[in-house]
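Thanks for coming. I will walk through one structure today, starting with its charged pairs and ending with its surface patches. Please have a look at it before I go on.

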Amino acid sequence: MEYKDYYKIMGVDRKATPEEIKRAYRKLARKYHPDVSKERDAEAKFKEVGEAYEVLKDPKKRAAYDRIGQNWREGQPFTPPPDWQREFDVGKGFAGGRATGFSDFFETLFGGGFASQEGVFHRGFQGRGEDQHARILIDLEDAYHGGVRLIALNMPEVDAQGRIVSNRKTLNIKIPRGIQAGQRIRLSGQGMPGMQGGQSGDLYLEVEFNKHRLFHAKGKDIAIELPVTPWEAALGATVPVPTLGGRVEVKIPPGSQSGAQLRLKGRGLPAATPGDQFITLKIVTPPAVSAEAKALYQKMAELMPMNPRQDMGIDG
């Protein structure tokens, strides 16, 4: 896939204002329109200009495109940096049909449909600003207890000269108690500003969880792996188990095996019907580091002979 320098295609500077980009597009569109142009490859040029304008006229697409960097050259082999879309969900939320005739470069970055906004530049037009989408990482404890968190995001904004710039924005957000990974928090009026004083769009924050040293969330359920000793598993025991709501005592049934699963009802994330916590047992064998420990293991082998590989058809 080749990199497309949309600024070069449009013949404008990277700091060009929306009005400058619009004027450049109109000039090039007239020059290369297939119905009137006598230029060589006019149709291909017309599509190329249309693709560049589709990105540069759209504040969200332009800001995301600019984040890729300025060190790429037109036609250079290109692969998007990993996770470049993490803060700008540019592949979603554009109404209308799919783009036709656009390059693989455009489809890779912005595929999934787009809405033409020709007309929003008319004098006196008031238009609602675009909604913005971003992803945030929170701790499982934040989701369990709820509360308020301070976050910082890179967001596209329009400066006093009408240029699109990326600014660091700090927000206090309320984390709803029981929110799950993949769910969104809506911040009214925190999206892109409207045109000509129109209403600002909203900001939608999609929640993801930081990796936890003990727990793993599956929807509203919580999973944990619990180490137990061979005697706790064989004889049964009551052991302490951590949960997001605090420590609880859990009975290990006699004769438990590694991989056995226990359930703590209602100990997952809060909800109208709370999630559960699922405990997977992991038997941990003490090392035989002393002569006494080795003798004890040998005695166990003599008193409790077994072949754990019997079900595999392996003798001995």
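Predicted model: local features only at pLDDT ≥ 70, side-chain atom pairs only at ≥ 80, totals over all residues.

**Salt bridges, buried parts and patches**

Lys47 counts as partly exposed, because its relative accessibility is 40%.

Residues are numbered from 1 along each chain as its sequence is written, and side-chain values use heavy atoms, with hydrogens and water left out.

Back to Lys47. Which residue forms a salt bridge with Lys47? The partner is Glu43, and the closest N and O atoms are 3.9 Å apart. By salt bridge I mean a side-chain nitrogen of Lys or Arg within 4 Å of a carboxyl oxygen of Asp or Glu. Side chains of opposite charge can pair when their charged atoms come close. Glu43 and Lys47 are 4 residues apart in helix H3 (residues 42-56), so about one helical turn separates them. Helices (H or I, at least four residues) and strands (E, at least two) are DSSP runs, numbered from the N terminus. Glu43 is also partly exposed, because its relative accessibility is 48%.

How many salt bridges does the structure hold? There are 9. I will show two others. In one, the side chains of Glu208 and Arg135 meet at 3.9 Å, N to O. That pair links distant parts of the chain: Glu208 is in strand E5 (residues 203-209) and Arg135 is in strand E1, 73 residues apart. Glu208 has a relative accessible area of 25% and therefore counts as partly exposed. For Arg135 the relative accessibility is 23%, so Arg135 is partly exposed too.

In the other, Asp202 forms a salt bridge with Arg186, with the closest N and O atoms 3.0 Å apart. This pair also links distant parts of the chain: Asp202 sits in the loop between strand E4 (184-187) and E5, while Arg186 is in strand E4, 16 residues apart. Is Asp202 buried or exposed? Asp202 counts as buried, because its relative accessibility is 3%. Arg186, with a relative accessible area of 49%, is partly exposed. There is also a network: salt bridges that share partners join Glu54, Lys57 and Lys61.

Lys61 brings us to helix H4 (residues 59-67). Why is H4 described as largely enclosed by the rest of the structure? Because 7 of its 9 residues are buried. Lys61 is one of the buried residues, and others include Pro59, Arg62 and Tyr65. At the start of H4, a side-chain oxygen of Asp58 comes within 3.1 Å of the backbone nitrogen of Lys61.

Now strand E1 (residues 132-138), where His133 is found. His133 counts as buried, because its relative accessibility is 13%. The side chain of His133 makes a polar contact with the side chain of Arg184, at 3.5 Å. A polar contact is a pair of N or O atoms within 3.5 Å; within protein, one must be able to donate a hydrogen and the other to accept it, and residues adjacent in sequence count only if both atoms are side-chain atoms.

Last, the surface. Patches are made of residues with over 30% relative accessible area and no salt bridge, joining like charges within 9 Å and nonpolar side chains (Val, Leu, Ile, Met, Phe, Trp, Tyr) within 5 Å. Accessible areas come from the Shrake-Rupley method with a 1.4 Å probe, and for residues only the protein chains shown count as cover. Lys and Arg count as positive and Asp and Glu as negative, without His and the chain ends; a charge is placed at NZ of Lys, CZ of Arg, CG of Asp or CD of Glu.

Lys27, Arg30, Lys31 and Lys45 gather in a patch of positive charge. Helix H2 (residues 18-32) gives the most to this patch, with 3 residues. Lys31 lies in H2 and is partly exposed, because its relative accessibility is 42%.

The nonpolar patch is formed by Leu296, Met300, Leu303 and Met304, with about 430 Å² of accessible area together. Met300 is in helix H8 (residues 291-303), and at 35% relative accessibility Met300 counts as partly exposed.

Methods
Buried < 20%, exposed > 50% of the residue type's maximum accessible area, 1.4 Å probe, protein only.
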